[in-house]
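Here is a short briefing for a reader new to this structure. Take a look at the sequence and the fold before reading on.

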Amino acid sequence: VHSERVDCTAGRALPSRRLRLFQPSFTMDFGAMEEQDGVRFSFSIWPTSRLEATRCVVPLACNYTPLKKIVDGPPPLPYEPIFCRGPCRAVLNPACQIDYRSRMWVCPFCATRNNFPHHYADINETNLPAELIPQFTTIEYQLQRPYAPPPVFVLVVDTSVKEKELQALKDSLLMALNLIPENARVALITFGATVQVHEIASQEMPKCYVFRGSKEVTTQVVQDFLGLGPRGMKGANPDQIGRFVQSYSECEFSLTSILEGLEHDPWPVKIEHRVLRCSGAALAVAVGLLECTNANNPGRILLFLGGPCTEGPGAVVAVDKEEPMRGHSDIDQDNAKWYKKATQYYNGLAQRCVTNGHIVDIFACALDQCGVAEMKACVEKTGGTIVQTDTFSNIVFKESFKRIFMRDDENNLRMAFMGELEVITSREFKVAGAIGCCARLN
């Protein structure tokens with residue numbers, strides 16, 4: 001199995017390739033292999049015929065952890081991996097047949113004979129490169145590629161919650177700002193009945209641009225309305241991006257001042273009506289802002305939600321409280337009025353995030369349902385995190401929020417963006433699909 005991993009940290013990007021080789025054996029310690037490589041198969045023996053395959057009770061599958069830390073493995077190799085020149089594009093590994101005299105190796109997947117490059121001229125039975133040593137079942141490569149820019153964190157804050165909840169959320173956000181690396185870039189969006197994009201570069205007088213929460217917002221609309229580039233033209237002007245997306249070290253004072261001054265959404269609420277909350281439009285504005293300012297670069301949207309979306313695209317319930325919130329039985333019996341349309345809307349946003357390598361995290365803190373069932377595709381497809389509690393003052397929310405910014409031994413954020421997983425099998429097998437926080441590349 002061959003996979004590619006790209007780790008983007010606060011100060012640098014660590015592109016690498018990770019290779020895994022599974023060779024079943026009756027004496028294999030599967031627990032130790034899973035602990036070392038982060039891989040486990042549902043069966044220790046592969047079926048040898050179609051008949052045996054049909055008799056398997058559990059589907060033949062592999063539980064794989066791409067970002068598993070290698071304990072006893074070699075350090076990342078500082079050169080490019082050796083690929084098979086055949087159609088399989090497999091990578092040199094201990095299962096390959098090696099001809100030391102002619103300096104050739106045979107691919108175990110397609111049986112193609114390949115020549116070793118010139119810097120492998122000294123290999124022999126006692127002088128093997130790391131990728132041919134059988135004990136190293138996992139190999140990482142340090143690819144010679146330029147570092148990616150630091151990630152962008154877009155804070156999307158729900159201001160339609162109660163005053164007490166808003167104050168607890170502001171305290172947590174101010175605490176989290178101390179955990180963000182100084183070179184990481186940030187942006188701030190607040191929403192209630194409308195969506196406000198704050199201009200964090202303005203220190204003397206705070207400014208914000210207001211979007212209507214009842215309409216769908218495209219990337220081009222975001223770019224034109226915020227003045228990020230020529231009207232009707234794709235792509236933002238780099239000189240204008242800094243008004244809304246800046247390094248934390250440059251906007252620390254202005255961002256802190258804006259967060260401290262956030263107030264409850266002043267939009268009036270009628271009796272027996274729910275609060276107007278345009279979560280779908282706010283998320284679309286955040287996705288559009290990242291698309292036109294940080295496309296195909298690391299980015300993370302952190303959505304703080306205090307209730308269900310009741311206004312605009314992505315609404316999951318009506319404003320009138322006479323209509324109850326849908327339940328599990330309503331979804332199962334196809335009686336959820338808003339479910340399909342909202343799910344389709346959020347699936348579209350999720351696919352846009354996947355295309356650009358952006359992650360969506362949802363922190364839903366309310367006693368009532370927040371519509372996470374409709375929004376889950378945004379998290380599942382992008383590899384984000386969902387946290388659900390009853391209040392923003394709950395310790396579960398605070399600790400989970402802090403874990404987003406955990407560091408590794410080298411003081412880099414433990415985050416990865418734009419990772420691609422490619423599975424290569426021999427011709428007798430076919431990959432049926434994948435289950436987990438991932439999405440199809442095609």
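The model is predicted. Helices α7 and α9 come within 11 Å of each other, axis to axis. Strands β5, β6 and β7 form an open sheet.

**The helix pair**

- Two packed helices are described by the angle between their axes and the distance between the axes.
- Helix α7 spans residues 279-293, and helix α9 spans residues 339-356.
- Their axes cross at roughly 20°.
- Angles under 35 degrees count as roughly parallel, so α7 is roughly parallel to α9.
- The crossing of α7 and α9 is left-handed.

**Where the helices meet**

- On the α7 side, the contact involves Ser279, Gly280, Ala281, Leu283, Ala284, Val287, Gly288 and Glu291.
- On the α9 side, the partners are Tyr345, Tyr346, Leu349, Arg352, Cys353 and Asn356.
- By class, this contact of α7 with α9 has eight nonpolar, four polar and two charged residues.

**The sheet**

- The sheet has three strands, in the order β5-β6-β7. Their pairing is antiparallel.
- The edge strands are β5 (97-99) and β7 (113-115). Each of these pairs on one side only.
- Neighbouring strands of this sheet are turned by 25° against each other on average, direction ignored.

**Pairing of β5 and β6**

- Strand β6 covers residues 104-106.
- β5 and β6 pair in the antiparallel sense over three bridges.
- Aspartate 99 has methionine 104 in β6 as its bridge partner.

Technical notes. Residues are numbered from 1 along each chain as its sequence is written. This is a predicted model: local features need pLDDT of at least 70, side-chain atom pairs count only at pLDDT 80 or more; totals for chains, interfaces and linings use all residues. Side-chain values use heavy atoms; hydrogens and water are left out. Axes are lines fitted to C-alpha atoms, for helices over the stretch in contact, and angles run from 0 to 180 degrees between N-to-C directions. Helices (H or I, at least four residues) and strands (E, at least two) are DSSP runs, numbered from the N terminus. Angles under 35 degrees count as roughly parallel, over 145 as roughly antiparallel, 65 to 115 as roughly perpendicular and the rest as oblique. A crossing is left-handed if the near helix is turned anticlockwise from the far one by less than a right angle, and right-handed if clockwise. Contact means heavy atoms within 4.5 Å. Ala, Val, Leu, Ile, Met, Phe, Trp, Tyr, Cys and Pro count as nonpolar, Asp, Glu, Lys and Arg as charged, and the others, Gly among them, as polar. Two strands pair if DSSP finds at least two bridges between them.
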